[in-house]
Amino acid sequence: MPAASVASVDWDALQAQAVAVMRKAYAPYSKFPVGVAGLVDDGRVVVGCNVENAAYGVALCAECGMVSHLHASGGGRLVAVSCVGGDGQALMPCGRCRQLLWEHGGPDCLLMTPKGVLPMSEVLPQAFGLEDLEAAAARGQGTPA
């Protein structure tokens, strides 16, 4: 499944999976459970939920769990993502998580946002990625990852 179109994604099913995993979140400190589900280019769906920790800074975002699930289950590229909060409604990922989505889905990955479906190129304009590292290496400013 190459780049997805908005119409080719079953957004209701993706959101339902995000809601289901959100209910498994471990958020005793913030009381702000988050769930996320991502459609992979091979048709799989990967999920994640936030997992907090008494040492607040080492909590895991739902998107981190989803990306881990992506790689643990065979890799691939994300083509569509739905992230929800405790009310089951679309939730905009934080900046760190937008970078994760960019890294594992790229500019064409679709994200359900509170304002509707947007490609990552609009959610994270002028994103930093592998191409930037490769360009810097070509200029002699380091080595690509």
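Q126 is exposed, with a relative accessible area of 82% (exposed means over 50%, buried under 20%, partly exposed in between, with a 1.4 Å probe and protein chains only). Q126 sits in the loop between α4 (120-123) and α5 (130-138). Its phi is near 55°, a positive value in a residue other than glycine. This is a predicted model: local features need pLDDT of at least 70, side-chain atom pairs count only at pLDDT 80 or more, and totals for chains, interfaces and linings use all residues. Residues are numbered from 1 along each chain as its sequence is written, and side-chain values use heavy atoms, without hydrogens and water.

K31 also has a positive phi, near 60°, and is not glycine. K31 lies in the loop between α1 (11-22) and β1 (35-40). K31 is exposed, at 62% relative accessible area.

Now turn to helix α3, residues 95-105. Helices (H or I, at least four residues) and strands (E, at least two) are DSSP runs, numbered from the N terminus. The buried residues of α3 are C97, L100, L101, W102, H104 and G105. An α-helix has 3.6 residues a turn, so residues three or four places apart point the same way. The buried residues of α3 pack against α2 (62-72), β3 (78-84), β4 (110-113) and α4, where contact means heavy atoms within 4.5 Å. Just after α3, G106 takes a positive phi of about 80°.

Sixteen residues line the largest pocket, and F32, V34, N50, C61 and A62 lie nearest its centre. A pocket is an open set of points on a 1 Å grid over the protein atoms alone, where a 1.4 Å probe fits, with protein on both sides within 12 Å along at least five of seven lines; lining residues have an atom within 4 Å of a point.
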